Amino acid sequence: MQFQLEKRPAPSRTMRIVTPFAAVALTMVLGAIVFTLLGYDGLAAVREIFFTPLTNSYKWQDLAVKATPLVIIAVGLSVSYRANVWNIGAEGQYIVGAIAGTGVGLLTHTMTGPWIFPLMLLAGIAGGAAYAAIPAFLRTQFKVNEILTTLMLTYVSVQLLNYLVFGPWKSPTSMGQPQTVLFSADQSQPYIIPGTIVQVGTPIAIVVALLVWFVMSRSVFGFQVRAVGASPAAARYGGFSANRTVWLALLVSGGLAGLAGILEATGPFGRLVPQFPTNYGFTAIIVAFLGRLHPLGVLIAGTALAITFVGGEVAQTTIQLPFAAVGIFQAMMLFLLLAGDIFVRYRFKRSVPEATRAAA
Amino acid sequence: MTLDLIIPIIITLVGASTPILLAGLGELVAEKSGVLNLGVEGMMLIGAVITVAVVLLTGNHWLAIICAAGASAAAALIFGFLTLSLSANQVATGLALTIFGTGFSALFGQPYTGKAVPLFRSPFPPELAADPVWRVVFGYSPLVYFSLIMVVAVWWFLQRTRAGLILRAVGENDLSAHSIGYSVIGVRYLAVAFGGAMAGIAGSCFPLILTPQWVERLTTGRGWIALALVVFAAWRPFRLLAGAYLFGLVMTLEVYAKAAGGGFRVLPSELWAALPYLATILVLVLISMRRGGSSSAPACLGKPFLPTG
C-alpha cells in the first residue's frame with residue numbers, strides 16, 4: 001500500500017488553522033529529542049520553555065510584556081506579507097521609531113502634561129513609517145528589491161542608535177554610561193493593572209490587532225492588499241495600483257514597528273541604551289507566519305512566542321539551558337509550519353500500485 | 001601614500017572580500033538553478049562556529065573547513081527539502097534557516113566563546129612573503145587562493161560544461177528542462193547543497209582570517225551583503241569578484257577609520273560602520289537605474305517547480 005500526494009482543488013481552510021498548532025506540538029517532540037541528543041535534559045527543556053510560563057500565574061504578566069511588541073510588529077508584517085511585500089527590516093523600523101519618539105521625549109523632558117506621551121507615540125509611528133518609506137521609494141521608483149534594502153537599513157539603524165546614545169544624546173548624569181536620560185512620569189507608559197508590570201502597551205496591541213483585522217476584512221484597502229498580493233496582474237486589471245500597495249504595506253508595517261519601538265523604550269527600558277535592539281523585529285516574522293498572516297492568529301502566535309521567551313529565561317536559571325536554545329525552538333516552529341503547508345495545498349491519497357490492480 | 005600603508009590596506013581588503021566572494025559564488029550557482037536561498041547568513045554562522053570548534057579540538061584547519069562546508073551543506077539541504085520537495089515558500093524558509101543558524105551557532109559556540117583560534121596563514125614559505133611587495137602575492141590564507149580558483153571554476157562550470165548548461169536551463173525554464181528529461185529537483189538540490197558548502201567555507205574565513213575567535217553573530221550581516229552582491233554581479237562570476245573587492249574596499253575603510261585618526265575622525269565611527277550597508281543600497285539603486293528595470297535574473301528564480309501546475 002502506498003500514499004500519494006494529490007493537489008486539493010482549493011487550499012484547505014481547516015489545515016491552515018490546524019497546521020500551526022501541529023507545528024508547535026511537533027516542535028516540542030522534536031525539540032525534546034534534539035536537546036537530549038545535544039546532552040541536555042530535553043524533556044525538562046520543553047517543560048520549562050513551553051509549560052512553566054503558563055502554569056505559573058506570576059509569569060503571566062511577563063508574557064503580556066513580551067507578547068506586546070511581538071504582536072504589534074507582526075500585525076504590521078502580516079499586512080505587508082499579504083501584499084507580497086517582504087519587509088524583513090522591522091527591527092530597524094522598531095529602532096528608528098524608538099529614536100524618533102525619544103527625540104520628542106528629550107525635547108519635552110522639562111515639560112509636564114498628558115499630551116506628551118501620546119505625542120511620543122505618534123513620533124514613534126512616524127519614525128518607523130518614515131524609515132520604511134526609504135525601501136518603499138526605492139522599490140517603486142527604481143525597482144530595488146525591498147528584502148535587501150529593509151535588512152541593510154536595520155544594520156544602519158543600529159549604528160544610528162549607537163551614535164546617539166554614545167554621542168549627542170548621552171545623559172549628562174549617566175557618569176559615562178552610554179544611555180539617554182530616564183523618561184519622566186509623563187513620558188512613560190502608564191501601568192494599567194495595579195501591582196503588576198503590565199502597561200498600556202498591552203491593550204494597545206490588542207486594539208491594533210482588532211483594528212487591522214477589521215480594516216483588512218472590511219475595507220477596500222484590505223481587499224486591495226489581498227488582491228495585489230494574490231495576483232498582481234489581476235489586481236492591475238481591477239484598477240489597483242501595485243505601487244500604491246507597496247507604499248501602504250511598508251508604511252503600515254514600518255509605522256507599527258515604530259509604535260512597538262517607542263512603547264518598548266517608554267515601557268520596559270525607560271530610556272535608550274545600546275542594548276535596546278532585542279530582535280523582536282526578527283522574531284515577529286515567525287509570529288506573522290505562525291499566525292497565518294491574520295491579525296487574530298498573530299495574537300495567539302505572539303503569545304506562543306512570548307511563552308518561549310519567558311520559558312527560555314526560566315530554563316536558563318532552573319536547568320542551565322543556554323538562552324540561545326530558544327532561537328532553535330523558534331526556528332524549528334517556523335520550519336515545521338512551512339513544511340506543514342504541503343497539507344494545506346495537497347492531501348494524501350491511498351493509492352493501489354499498478355501491479356496489484358492488474359492482478360485483481 | 002607610501003608602500004607601507006598601501007600594502008596592509010590591500011591585505012586587509014582581500015581578507016574582508018573573501019567571505020562575501022565565497023558565499024556569493026555559492027548563492028550565484030543556487031540562484032542560477034532557480035532557487036533563492038536567503039539563509040546565507042545563517043549558513044555562514046554555522047560554518048564559522050563549526051570551524052572554531054574543530055580547530056580548537058583538532059588544530060587542523062583543513063579538517064575544520066571541510067566540516068564547516070559539510071555542516072552548512074546539511075543545513076542547506078533542510079532548506080532544500082522544504083522548498084524543493086515540499087515546495088514551501090523560499091523567502092520564508094530562507095529566513096527560517098537564518099534564524100536557525102543564528103540560534104544554533106549561539107548555542108553551539110558557547111563553550112568556545114572568546115577563545116583564541118590560530119589563524120590559517122599563507123601556505124607559502126615565509127621567505128617568499130618576507131618582502132612587502134611579494135606579500136601582496138604570497139601573503140594570504142589558503143582560503144583566499146581557494147576563493148579565486150573558485151571564481152574561475154564556477155565560471156568554467158556554468159559556461160563551458162554540459163552540466164552547467166543543464167543547471168542554467170533548469171533556472172531559466174524549468175518546464176522545458178523537465179520535459180527534455182532532466183531532473184529539475186535533483187539539479188536544484190545539488191545547487192543548493194553547493195551554495196551551502198560555499199557559505200560554510202565563507203563562514204570559516206571569519207575565525208581563520210578576520211577575527212580569530214568566536215563571538216555570537218560573528219558574521220555581522222555579511223551573508224546579506226553576499227546576497228546583494230549576486231544581484232550587483234548580474235549573476236556573473238567575474239563581476240562578482242569585482243564587486244566583492246569593491247565591497248572589501250569599503251569595509252577596509254571602516255577598519256582604518258576606526259584605527260587611524262586624522263581625516264577619518266571628521267566623521268563618526270558609526271557612520272563608517274554603516275558604510276558597507278549604505279553602499280550596498282546605493283549600488284542596488286545604481287544597477288537597477290542602469291538596467292532600466294529589465295533584470296538579468298534567472299527566469300525561474302524563487303518560484304517553486306510544479307510540473308503538474
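I count a residue as buried if 20 or more other C-beta atoms lie within 10 Å of its own, as exposed if 12 or fewer do, and as partly exposed in between, with C-beta atoms placed from the backbone. The model is a predicted one, in which local features need pLDDT of at least 70 and side-chain atom pairs count only at pLDDT 80 or more, while totals for chains, interfaces and linings use all residues. Residues are numbered from 1 along each chain as its sequence is written, and chains are lettered from A and ligands numbered from 1 in the order in which they are written.

**Entry 1: helix α7 of chain A**

I looked up which residues of α7(A) are buried, and found G201(A), T202(A), A205(A), V208(A), A209(A), V212(A) and M216(A). They cover an arc of only 115 degrees around the axis, which puts them on the same side of α7(A); the arc is that of the directions from the helix axis to the C-beta atoms. On the face turned away from that buried side I noted the exposed residues V207(A), L211(A), F214(A), S217(A) and R218(A). Helices here (H or I, at least four residues) are DSSP runs, as are strands (E, at least two), numbered from the N terminus. The cover over the buried residues of α7(A) includes α3, α8, α10 and α12 of chain A, where contact means that the C-beta atoms of two residues, placed from the backbone, lie within 7 Å.

**Entry 2: where the two chains touch**

I found 34 residues of chain A in contact with 36 residues of chain B. On the chain A side, the elements giving two or more residues are α5, α6, α11 and α13, and the largest share, 12 residues, comes from α13(A). That side divides into 25 nonpolar, 6 polar and 3 charged residues, where Ala, Val, Leu, Ile, Met, Phe, Trp, Tyr, Cys and Pro count as nonpolar, Asp, Glu, Lys and Arg as charged, and the others, Gly among them, as polar.

**Entry 3: helices α2 and α3 of chain B**

The axes of α2(B), residues 40–58, and α3(B), residues 61–85, come within 8 Å and cross at roughly 145 degrees; axes are lines fitted to C-alpha atoms, for helices over the stretch in contact, and angles run from 0 to 180 degrees between N-to-C directions. Among the residues that meet are M43(B), I46(B) and G47(B) in α2(B), and H61(B), L63(B) and A64(B) in α3(B).

In the loop between α9 and α10 of chain B lies R217(B), whose phi is near 55 degrees, a positive value in a residue other than glycine. R217(B) counts as partly exposed, with 13 C-beta neighbours inside 10 Å. α10(B) is followed by A234(B), whose phi is positive, near 50 degrees. W235(B), in the loop between α10 and α11 of chain B, also has a positive phi, of about 60 degrees, although it is not a glycine. With 22 C-beta neighbours inside 10 Å, W235(B) counts as buried.

**Entry 4: T12 of chain B**

I placed T12(B) in helix α1 of chain B, residues 3–32. T12(B) is partly exposed, with 18 other C-beta atoms within 10 Å, and touches T252(B) and V255(B), not counting residues up to four places away in sequence.
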